[in-house]
Amino acid sequence: LCRIFKKTSGNGNIALYLGKRDFVDNVDSVEVVDGVIKVDPANLNGRKVFVYLACAFRYGSEDLDVIGLSFRRDIWVKRVQVYPPVGGNSPNTPMQESLMKKVGDQGYPFSFQMPTDLPCSVSLQPGPNDAGKACGVDFEVKGYVANEPDNADEVIEKKDTCRLMIRKIQFAPTTNKAGPKADITKQFMMTDKPVHLEASLEKETYYHGDPITVNVKINNETSKIVKKIKVSGEYINNVISFDSHNLCFNAIPRETINANSTFEKSFQIIPLLSNNKEKRGLAVDGRLKDEDTNLASTTLVSLICQKYVFVQISSCVLVLCSDVTVELPLTLMSPKPAGECIAVHARGNYFLPGGAAYGVGGWGGGCTCARTHTQAPFLKR
């Protein structure tokens, strides 16, 4: 266990504990969302404690939420009752075992298995004058005290709830395949010979911020001069109920190809969010709080789930030679990060490290990292 996130309700009756907030979608399966909720039964007055995991899509800004109309739709919701415990108890995960050592006898484990056809966490970039939460897909773990798990007539006070936002994410495959290659031959009117265009990429998967090298070969067998070559990267996000947004990253070389000659050259394009901060509706990877992000990663889905995907991101490279065009699909994603080792207690805006060798311990003094054996001071955001 390397990291702890905690959120306590306003009255202190319940507290959520999670070991991480990023859960990886491996296409054929998704990591289990496992955690522990601490319950103080003294002030429950016979009520029960529930935990739910919800995937929701916000399609309007918060300032439009008037007269009880919310521009937010739940895509998938799963609820479990944790106190009093019901049914058989499944074995605890290693994460839950470590959390239970901190929480003690008042801890109750819970877990959720997300389906593979849910979209990943994605935000639609707001405009310069937009306020409030951005549109997009988000995931939330919420603990609450109530008499029934889902009673529309029951009013649940905010002080009886605690919630933590999480993310469903995908990382680039560990093995990178050879890049795609495409070629086309086209003959024009008034010419007796064709133009042959060939383009290729060095690899199939690129990381955010990496330059994309496009190798171009042209054989102009005609008696005409080719006056225009254009290499562009096209970034496409398709979101149900939203207009699709295309973003192009161009490399327009000033090259001409004489009649009966050949041309061979490599070009580079770099898709970056930093150059498109003002483009409203552009899809970016979901983020927690105000941390930096990047263009939304390519969506990897299985053939079975492909028709159910709510938000899909794709990218390709287009090579244009006069009226001859080829298209090369590519994957743009983030690499799987190296593991961290720090125990964190999140409450409000404070991050209070603290822990023992197994990653959870007292909340004071500092954090002892089991891997590096170094001391970390209190942190504040």
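Guide: A residue is called buried if its relative accessible area is under 20%. Please bear in mind that this is a predicted model.

Visitor: How many residues of strand E5 are buried?

Guide: Strand E5 covers residues 48-58, and ten of its eleven residues are buried, so the strand is largely enclosed by the rest of the structure.

Visitor: How are strands of a sheet held to one another in general?

Guide: They pair through backbone hydrogen bonds, in either a parallel or an antiparallel arrangement.

Visitor: Is the pairing of E5 with strand E6 parallel or antiparallel, and over how many bridges does it extend?

Guide: E5 and strand E6 (residues 72-83) are antiparallel, with ten bridges between them. Within this pairing, Ala-56 has Asp-74 of E6 as its bridge partner. E5 also runs antiparallel to strand E9 (residues 136-146), to which eleven bridges join it. There, Val-49 lies opposite Val-145 of E9.

Visitor: What is the strand order in the open sheet of four strands?

Guide: The order is E11-E12-E14-E17, and the pairing is antiparallel. Strand E11 (181-186) and strand E17 (261-269) are the edge strands, each pairing on one side only. On average, neighbouring strands of this sheet are turned by 15 degrees against each other, direction ignored.

Visitor: Which residue of E14 is the bridge partner of Ala-199?

Guide: The partner is Val-216. Strand E12 (residues 195-201) is paired with strand E14 (residues 212-220) through seven bridges, in the antiparallel sense.

Key: Residues are numbered from 1 along each chain as its sequence is written. This is a predicted model: local features need pLDDT of at least 70, side-chain atom pairs count only at pLDDT 80 or more; totals for chains, interfaces and linings use all residues. Side-chain values use heavy atoms; hydrogens and water are left out. Two strands pair if DSSP finds at least two bridges between them. Helices (H or I, at least four residues) and strands (E, at least two) are DSSP runs, numbered from the N terminus. Axes are lines fitted to C-alpha atoms, for helices over the stretch in contact, and angles run from 0 to 180 degrees between N-to-C directions. Buried means under 20% relative accessible area, exposed over 50%, partly exposed in between (1.4 Å probe, protein chains only).
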